[in-house]
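I opened my notebook beside the model today. Here is what I looked up, in the order I did it.

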Amino acid sequence: MTQISGREMGRRAVLRGGAGASAALALPSLSLSGAAPAQALTGRPAARWGVQVGDVTTSSGLVWVRSDRPARMIVETSATESFHRVQRRAGPLVGPGTDFTGTTALHGLPPGEQIHYRVVLADPDDPRRTGEPVYGTFRTAPARRHAGVRFLWSGDLAGQGWGINPDRGGFPIFEEMRRRNPDFFLCSGDSIYADGPIAPSVTLPDGRTWRNVTTEEKSKVAETLAEYRGNFRYNLLDENLRRFNAQVPGIVQWDDHEVVNNWYPGEILDDARYTEKRVDVLAARARRAFSEYYPVSTLRANGEGRVHRVVRHGPLLDVFVLDMRTYRNANSPGRQPEDAQGILGAEQLAWLKHELSRSRAVWKVIASDMPLGLVVPDRKTDFEAVAQDDPGAPLGRELQIADLLRHIKHRGITGTVWLTADVHYTSAQHYDPSRAAFQDFAPFWEFVSGPLNAGGFPAVKPDGTFGPEQVFVKAPTRANVSPLEGGQHFGEIDIDGQSGELTVRLQEEGGAVLFTKVLEPGRVGQ
């Protein structure tokens, strides 16, 4: 008989049945319009977009919801799915200023426990008029090491015109990931494709037709705040994603497609699809929508705050979430011999060094929205990530990464692992100074996953500056391969509570484990 852990039993119970579970899984059908026109609504407030929880720690989490009209957000938590005893927390009054979204912080939670919660939306003029509760569950991070940690990561959702296809059940990868029962999901960026319209259908090379669910906001590139908000709502039309969100907490970061392809601060677009050419204006609107639609502990709903942060997940794991967009310099050939700004900015680099140095976690996962040693071009002469196709000594943005890697080595910081997405295939790179032009660093691993539901692309070549060896890569041989041809990926990290070993599995939609690597704890390099 297969034994089910308490963690899995609690989650499965919520998703299986019972009074609370029935409400949780009765995910309502969503209209394609995301607006909340109060004059057209009758009855009680409804949370048809589901619930989600972000940035869970040993004692806290941040609950998100969206209403269909102005409402007071109320969150009730319980140690049991029967909700026999509840703690009630009054949240914000949600309205048009945040596109009817809201978050409520939960503090004082017990560590390592399954938390059952439900969100109730109340009429602000008559608190007795409440909508149907929407249920979710999550597990707080363990305070003791022996419990172990499992999480997933990936990125790149609804890109290159491949949207919610009803013929393949929407975004099926989320149901597959939900069944893995992870403690959380790390979204490594490109959570929307604001620059990628979704057409009703696409003719495939073999003559088949890919069908998309479409909305008005996805009929063009996003420029207005309403259009950016509509991009985030689009993904939530998928029932698989809403069910996943109700069970699996998130840690989310952004990359370029939340705004526009390959963007950097101060850029002026020459793309004829855009009437607003100032990327700084677009980025401000996108950032606000991003902060409204994701529960991020360091961001406020108006977009103020920051994306980079540390999420501490007990004694085994700290997750260092980077922001390689907001503070970067302009994309360029990357050959400058000095570069204090780089891809992180001086302030974020200092923050990262400080937080890595003070971390006492066994494993320190650096969540990077772009790969370090893979050459990602931007047009003919510029480069989009860190590497710039020169295998020699560090130049341009590589100087900042060299500084960071040197710091990690000299401070004796152990257990660093880099996770990323972005390039639309999956791979594993081992960086070693014995192969590198720059040698003042300790060996480390970088693992790439994705896409979740987007086009697959051929592998890009590695840059030799930091000595990467591509131990594994799986990528298509032509550009923009549809999800119907496979190539959709996620990664899984399992940290054993007894030995402290970290096991990485690169997986493909459909269940195949493509690559496995076991890393030992307590080492500066691997």
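I began with contacts (heavy atoms within 4.5 Å): of those in the protein with a separation of 6 or more, 71% are between residues 24 or more positions apart. I note that this is a predicted model, where local features need pLDDT of at least 70, side-chain atom pairs count only at pLDDT 80 or more, and totals for chains, interfaces and linings use all residues. Residues are numbered from 1 along each chain as its sequence is written, and side-chain values use heavy atoms, with hydrogens and water left out.

Next I checked burial (under 20% relative accessible area, with a 1.4 Å probe and protein chains only), and 60% of the 526 residues count as buried. I also read off the box that the C-alpha atoms fill, roughly 70 × 55 × 45 Å along the principal axes.

I found E175 in helix α3, residues 172-178 (helices are DSSP runs of H or I, at least four residues, numbered from the N terminus). Is E175 buried or exposed? E175 is buried, its relative accessible area being 14%.

Leaving out residues up to four places away in sequence, E175 touches N240 and R243. E239 lies 64 residues from E175 along the chain, and their C-alpha atoms are 9.2 Å apart. My last entry is a polar contact of 2.9 Å between the side chains of E175 and R179; the term means a pair of N or O atoms within 3.5 Å, where, within protein, one must be able to donate a hydrogen and the other to accept it, and residues adjacent in sequence count only if both atoms are side-chain atoms.

Notes
Buried < 20%, exposed > 50% of the residue type's maximum accessible area, 1.4 Å probe, protein only. Helix = DSSP H or I, 4+ residues; strand = E, 2+ residues; numbered from the N terminus.
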